[in-house]
Amino acid sequence: MNNVEKLINERNIPSPIDGVKSANDFEKKKEKIKKLICERQFGEMPGNPDHMFVKEGEIYDRFAAGKATKRNLTFKFEMDGNSFSFPAMSVIPKNKKKCPAFVYIDFDGGEANKYMPTEEIVERGFALFSFKYTDVTSDDNDFKKGVAKYLVKSRRKNNAPGKIAIWAWAAMRVMDYVQTLADVIDLDNIAVIGHSRLGKTALLTGAFDTRFKYIISNDSGCCGAALERDKVGERYARISEVFPYWFCPAFNRDVAAKVEMSFDQNFLLSLSVPRHIIIGSAEDDIWADPTSEFLCLASLSPVYSLYKKHGLIHNGEVPKPKTVLSDGDAAYYIREGSHYLSRHDWNTYMDIIENKIK
Ligand code: GTR
């Protein structure tokens, strides 16, 4: 047994496989895992809207010195007789027949920002679809704002979606739109990506939407890619106290009652297997806990094996900063520095995806 296997064993995490012996059976098991996660952590994933219409507004085809076309989009919905909309943006390079693409769940909005280096992304031949998360619903306990008003009826019931589930729902609607662009987008190579709370959101999106081939979590930490058992930094107790509205009421209730959960974050990640899960950490981000993120991903190797795929390939030790492990179907990367989604992070994710496409 190597050191990584030993460290995983010591965490005593429940296994999502639990006796399942084939990929077929694990596909069935996924439905149970989804139900568990919905009922006990993030809340029920809202269903498809009755009607969605995407308005392509202003088109700017001189983006980045003419290398790409930018469109302002408005996603409009009808649900139970109510209508709602949120703005989004696409930037599609001109120099490629069909581009791989990112659906980026954005903190700040605008055509580029500190976490979203749009020009660098499109220069490398990737298309970018982004929306600002608080345009969908506010990041607070108010369930009357934005789409939450229509998706979460009256008082929040035990399994009602928290805000993370609602943002993930929006990312899936953006994916619905991307699917209509088969002439310019390589629909087999689409990634969902988010940082921190939106890294948790990206993991939930990928777990429920198999149209995403790459699921990228940057510094997602607690309730994201990091194992909860023996985690350092932020833990369920703290996150549920400070951000109860990210989760369903049942999660907050169980956490407050110190219930031993029947899952750990490996359950969430297992739903994206056998697709490419890419986890990025930062050395100084102890709050998120890089080692717990790494071990969570490494623990999924038996799940990948069910599909005759290689999970994370590593040398049996917890990786040091400046390491990229991307030979397997899952990838892990840790850089120096603190909690942030940097240019270097984006470039590393693009390197990893390009190598998989080859
Ligand atoms: C923190 C929270 C983390 C992380 C972060 C962020 O306050 O404790 O779980 O999500 O916010 O999203 O920036």
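I started with Asp140, which lies in the loop between β5 (127-132) and α5 (148-151). I am working on a predicted model. I checked the cover on Asp140: the residue is partly exposed, with a relative accessible area of 25%. Next I listed its contacts beyond four places in sequence and found Lys145, Lys163 and Tyr245. I also looked at the side chain of Asp140, where a polar atom lies 3.0 Å from the backbone nitrogen of Asp142. Asp140 and Phe243 are 103 residues apart in sequence, yet their C-alpha atoms are 7.8 Å apart in space.

I then went through the polar distances to ligand oxygen atoms. For Ser196, an N or O atom of the side chain is 2.7 Å from a ligand oxygen. For Arg197, a polar side-chain atom lies 2.5 Å from an oxygen of the ligand. For Glu234, a side-chain N or O atom is 2.5 Å from a ligand oxygen. How much of the ligand does the protein cover? On its own the ligand has 320 Å² of accessible area, and the protein covers 79% of that.

Next entry: helix α9. I placed α9 at residues 249-256 and found it mostly covered, with six of its eight residues buried. I wrote down the buried ones: Pro249, Ala250, Phe251, Asn252, Asp254 and Val255. What covers them? I found that the cover includes α2 (23-42) and α8 (236-242). After α9 comes Lys258, and I noted its positive phi, near 55 degrees.

I moved on to strands. Val192 lies in strand β6 (residues 185-195). I read a relative accessible area of 0% for Val192, so I logged the residue as buried. Its contacts, leaving aside neighbours within four places, are Val103, Ile105, Ala202, Thr205, Gly206, Phe212, Tyr214, Ile215 and Ile216. I also took the pair Val192 and Ala101: 91 residues apart in sequence, 8.6 Å from C-alpha to C-alpha.

Ser281 was next, and I located this serine in strand β8 (residues 276-282). Is Ser281 buried or exposed? I have it as buried, because its relative accessibility is 1%. I looked for a polar partner and found Tyr332, whose side chain joins that of Ser281 in a polar contact of 2.7 Å. Beyond four places in sequence, Ser281 touches Asp219, Pro290, Glu293, Tyr332, Tyr333, Ile334 and Arg335.

Last entry: cysteines. I counted disulfides, taking sulfur pairs within 2.5 Å, and the count is zero. I checked Cys222, which is in no disulfide; its nearest cysteine sulfur, that of Cys223, is 4.1 Å away. Cys222 is buried, with a relative accessible area of 1%.

Terms used:
Residues are numbered from 1 along each chain as its sequence is written. This is a predicted model: local features need pLDDT of at least 70, side-chain atom pairs count only at pLDDT 80 or more; totals for chains, interfaces and linings use all residues. Side-chain values use heavy atoms; hydrogens and water are left out. Buried means under 20% relative accessible area, exposed over 50%, partly exposed in between (1.4 Å probe, protein chains only). A polar contact is a pair of N or O atoms within 3.5 Å; within protein, one must be able to donate a hydrogen and the other to accept it, and residues adjacent in sequence count only if both atoms are side-chain atoms. Accessible areas come from the Shrake-Rupley method with a 1.4 Å probe; for residues, only the protein chains shown count as cover. Helices (H or I, at least four residues) and strands (E, at least two) are DSSP runs, numbered from the N terminus. Contact means heavy atoms within 4.5 Å.
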